[in-house]
Amino acid sequence: MSKLLFIQTLGCAMNVRDSEHIIAELKKEDDYILTDDISKADLILINTCSVREKPVHKLFSEVGGYEKVKKDGAKIGVLGCTASHLGKEIFKRAPYVDFVLGARNTSKITKAINSPKFISTDINYDDSEYAFGEFRSSPYKAYINIMIGCDKKCTYCIVPQTRGDEISIPLNLILKEVQKVADNGAKEVFLLGQNVNNYGKRFSSFHEKIDFSDLLVKISEVKGIERIRFTSPHPLHMDDKFLDVFTNNDKICKSMHMPLQSGSSAILKAMKRGYTKEWFLNRALKLRKICPEVNISTDIIVAYPGESDADFKDTIKVVNEVEFEQIFSFKFSPRPLTPAANLPLIDDEIASKRLTFLQNRQNEILDKIMQNQVGKIFDVYFEELRPNMQVSGRSFSNFNVLANGTEELLGRTKKVLIKSAKRMVLDGEIIS
């Protein structure tokens, strides 16, 4: 008889893919099936994020709630980045947790559930060539890891301490996985890594030399794949070859995430980002010129320790010049195990005012951008049912588009005339 699995995933797309791997392993090895009812689950998992402080706090409130509603004999497991950096501390703070499995240890899930108080948080455990089972959250697009870990030393970031050193996944394994998802009907692949355009610098064993631009070309040649997306490239590695392949390969979606973090060269240096404001602007504005349809998103941290009013104004200047289609913005959140963890914090009132100013300015830019899409025709790949007989999908340049339609449109690309615009979504009419 099948056992029931409840899993909650916090954080980034890499966590989503890790959860898919875990679900696949449990289906293959222990015949688990998914449930949305925690009270009926035999196994309850939370896949955690530790990039900011808030998700860490959420972990303990969530698992406390699980303990109150779980049935007798059900196990609770904590996975992911917070598991990596807190380790045994999780057992102390939540003694009802049965096992702890770090972000680089997902292939050990079967062993974890069968071993009392199991813990494995080795951040350099290498399962880059492990053959996971097959499970996808969506039949229409597929997340695919192309690398694990991170070699950057950004002073605010805990990821190298939770996901370990950077290792690229061999080309043949990536292409095999891409072909498999294409054969199963997915037309879009989403490539994942902490710094995807540093792909190919290190493998677990000897492999043919290849860079990210060449990898993109290889994937674009896979029969059945129509769209390629990826996250996150690092501005430091955005050379002309990369921008050229991005622009001229007609299977690469014209959507680029460029994490700015700060528009001040002084703060970028303090963050150890490896580039200046001038380099970032050079790359972003060149991309705007050679690929006019590109949709550029970014990450920005406000109130990093030592950020002056002038530094913050530099960030706003970059925002005004690039006019990002989307900004993920946050106040600086000190993370343990990072060089910036103990630096003097900027007054929270000042930090909040800066964040509000940035977000208000971005909303003004975004409202203008969205209104400019009205009347245009986009090729939209539909992948999700919405209420009121609507379907949602993404344009080639990553605008979220809603249209009237039914399930038969899922997994298909249609031409859509944009009729109206809201801040985060375009409403359209399918014309062919």
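Two strands count as paired if DSSP finds at least two bridges between them. Helices (H or I, at least four residues) and strands (E, at least two) are DSSP runs, numbered from the N terminus.

A quick word on the model: it's predicted, so local features need pLDDT of at least 70 and side-chain atom pairs count only at pLDDT 80 or more, while totals for chains, interfaces and linings use all residues. Residues are numbered from 1 along each chain as its sequence is written, and side-chain values use heavy atoms, with hydrogens and water left out.

**Exercise 1. Find the strand partners of β18, and the residues that stand across from Val416.**

Step 1: Start with β15 (residues 377–386). This strand runs antiparallel to β18 (residues 413–421), with 5 bridges between them.
Step 2: Now take β19 (residues 426–430). β18 pairs with β19 in the antiparallel sense too, over 5 bridges.
Step 3: β18 and β19 make a hairpin, with 4 residues between the two strands.

**Exercise 2. Is Ser120 buried or exposed, and what does its side chain contact?**

Step 1: Ser120 belongs to strand β6 (residues 118–120).
Step 2: Apply the cut-offs: buried is under 20% relative accessible area, exposed is over 50%, and partly exposed is in between (1.4 Å probe, protein chains only). Ser120 comes out as buried because its relative accessibility is 9%.
Step 3: Look for polar contacts, meaning N or O atom pairs within 3.5 Å; within protein, one must be able to donate a hydrogen and the other to accept it, and residues adjacent in sequence count only if both atoms are side-chain atoms. The Ser120 side chain has one with the side chain of Asn105, at 2.8 Å.
Step 4: List the contacts (heavy atoms within 4.5 Å). Skipping residues up to four places away in sequence, Ser120 touches Val100, Leu101, Gly102, Asn105 and Lys108.
Step 5: Follow Lys108 onward. A charge sits over a ring if NZ of Lys or CZ of Arg is within 6 Å of the ring centre and within 35 degrees of the ring normal. Lys108 lies over the face of Tyr125, 3.9 Å from the ring centre.

**Exercise 3. How do Phe212 and Phe230 pair up?**

Step 1: Rings of Phe, Tyr and Trp (its six-membered ring) pair if their centres lie within 6.5 Å; planes under 30 degrees apart are stacked, over 60 edge-to-face, and the rest tilted.
Step 2: Count. That rule gives 13 aromatic pairs.
Step 3: Pick out the pair. Phe212 and Phe230 are edge-to-face, 5.2 Å centre to centre with 85° between the planes.
Step 4: Trace the chain. Phe212 is in helix α8 (residues 212–220) and Phe230 in strand β11 (residues 227–231), 18 residues apart.

**Exercise 4. Which cysteines does UniProt mark as "binding site", and how accessible are Cys150 and Cys157?**

Step 1: Read the record. The unreviewed UniProt entry puts this feature at Cys150, Cys154 and Cys157; positions follow the numbering used here, feature names are shortened, and annotations may be inferred rather than shown by experiment.
Step 2: Locate two of them. Cys150 lies in the loop between β8 (147–148) and α6 (159–163), and Cys157 is in the loop between β8 and α6.
Step 3: Compare with the cut-offs. Cys150, at 9% relative accessibility, is buried, whereas Cys157, at 23%, is partly exposed.
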